[in-house]
Amino acid sequence: MKVLAEENIDAIEAVDEAEISTVVRNLPAKAQPAGHNSVLSYIILPTIFLLVTLLGGFRFGGADNSFIFLKPELVCLVFGAVLLVLFLRSGMIAIDGWFSHHYSGLHNTADGFVLLTLFTASVQLFNSVLPERGLAFWVVGFCFFWTLWNDLFAEFDAVKLLRSLIALFGMAFVVKYLVLANLTAPASDSWIQSVFQNPGKEAVTWLLDLPRYAKGTGYVQFFTVALYFLGLFLTPQTTRK
Amino acid sequence: MQDKYIHILSIALITAGLVVTAFLYWAEPRSLAEVATKGQVVTGTYSIDKAEVDRGIASFHSDRFEEARAAFIRADPERRDAGTQFYVAYSFYRQGWGRVYNDDSLFQFGLDAVNRVIELDPNYRSPDQTLSLRTPSDLKSELEEGLKITASDLNPMRLTRERK
């Protein structure tokens, strides 16, 4: 009898919206529902994610520092969608805290738009850290797939997920913009000249089909990755006041 | 500020941001100057620089073809004006033409340019009376003939032909 009564109390508590909003999950301090701020959630946060969306596929050409805007591969969209599922599963984003029939249509639409920027930023982050083509693309892409697939079935909380993602994207950034970038031969006017000057690098560049970007690309992408994680840190679990 | 206005502002900001981003990834500008030019194309305010076109035409008639093309590129960086692109194609033809043999690479560039003219305006006719080939189709057939290797290339009478 006593157990049944306790279950009923639990059920009542679960449907009580006010109580749900106060359920404290294991989240970073700034992502607690109590800390929700409209300007932060609807202006600053989407601005950060839009910047990531803009800069994720941005590169400087190796020869003349010209702008290059790389559209994301289809696999980046798939990875981005999986990442959103992970955010939902870990409780980092409570779907009932972002969309509710208690909210006005405008509120729900605005929330949908903010989550859309989170998705586009996630897609572009994969575009940023995945090598563009060749063997490196397949190897790093497979590592991402393997990790995300495992994560889909793992028990997570928001903090662990955030740490895991920082480690994952940090590693991918190091591989692409430090290791592979240092193995890439610099752009040169003459192919023969570059073979004589950098035979090893030229061979690796040719074998791995590495694109030649200017050094500025790494700096831009470093800030893109940093901005994305700042955005994730600022993302509230719910937009309920 | 009321939440309602913040929501409206947020939706407007995100829509504008996504449109700008989509435009940049679609247009793929290579410099800040190109961002402005491509923006003009999208908004329909793009126009060629008449002064540069006149400078290019003057250089073209003086057989300074590289100088002429540089002026035409400055005048029409987006390559959207049939008249300017016709002069670009013609400059490649005249520069590549030779009494004994033609420069195939220049003729190929000319062919690419004349194909652009046909895409932009298939019925284009040059108002320049000094040109012997005044339509893109005439210029294209002349360029294609120049690129072909035939038995007539060995005809010594070819040495008497004139550049058009």
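Me: What percentage of the 241 residues of chain A count as buried?
Reply: This is a predicted model, where local features need pLDDT of at least 70, side-chain atom pairs count only at pLDDT 80 or more, and totals for chains, interfaces and linings use all residues. Residues are numbered from 1 along each chain as its sequence is written, chains are lettered from A and ligands numbered from 1 in the order in which they are written, and side-chain values use heavy atoms, without hydrogens and water. Buried means under 20% relative accessible area, exposed over 50%, partly exposed in between (1.4 Å probe, protein chains only). For chain A, the buried share of its 241 residues is 46%.

Me: How many helices and strands does chain A have?
Reply: Helices (H or I, at least four residues) and strands (E, at least two) are DSSP runs, numbered from the N terminus. The order in chain A, from the N terminus on, is α-α-α-β-β-α-α-α-α-α-α-α-α. That chain has 11 helices and two strands.

Me: Is H4(A) parallel or oblique to H6(A)?
Reply: Helix H4 of chain A spans residues 74–90, and helix H6 of chain A spans residues 105–129. Their axes (lines fitted to C-alpha atoms, for helices over the stretch in contact, with angles from 0 to 180 degrees between N-to-C directions) come within 8 Å and cross at roughly 125°. Angles under 35 degrees count as roughly parallel, over 145 as roughly antiparallel, 65 to 115 as roughly perpendicular and the rest as oblique. H4(A) and H6(A) are therefore oblique.

Me: How many nonpolar residues are in the contact of H4(A) with H6(A)?
Reply: Contact means heavy atoms within 4.5 Å. The residues involved include A:Leu77, A:Phe79 and A:Leu84 of H4(A) and A:Leu118, A:Phe119 and A:Phe126 of H6(A). Ala, Val, Leu, Ile, Met, Phe, Trp, Tyr, Cys and Pro count as nonpolar, Asp, Glu, Lys and Arg as charged, and the others, Gly among them, as polar. In this contact three are polar, none is charged, and the nonpolar number is 11.

Me: How do H3(B) and H4(B) run relative to each other?
Reply: Helix H3 of chain B covers residues 50–61, and helix H4 of chain B covers residues 65–75. Their axes come within 8 Å and cross at roughly 165°. H3(B) and H4(B) are therefore roughly antiparallel.

Me: Is B:Leu143 buried or exposed?
Reply: B:Leu143 lies in helix H7 (residues 136–147) of chain B. Leaving aside neighbours within four places in sequence, B:Leu143 is in contact with B:Tyr93, B:Phe107, B:Gly110, B:Leu111 and B:Val114. Its relative accessibility is 0%, so B:Leu143 counts as buried.

Me: Which residue has its backbone oxygen 2.7 Å from a polar atom of the side chain of A:Thr235?
Reply: A:Thr235 lies in the segment after helix H11 (216–234) of chain A. At 1% relative accessibility, A:Thr235 counts as buried. The backbone oxygen 2.7 Å from its side-chain polar atom belongs to A:Gly231.

How values were computed:
A polar contact is a pair of N or O atoms within 3.5 Å; within protein, one must be able to donate a hydrogen and the other to accept it, and residues adjacent in sequence count only if both atoms are side-chain atoms.
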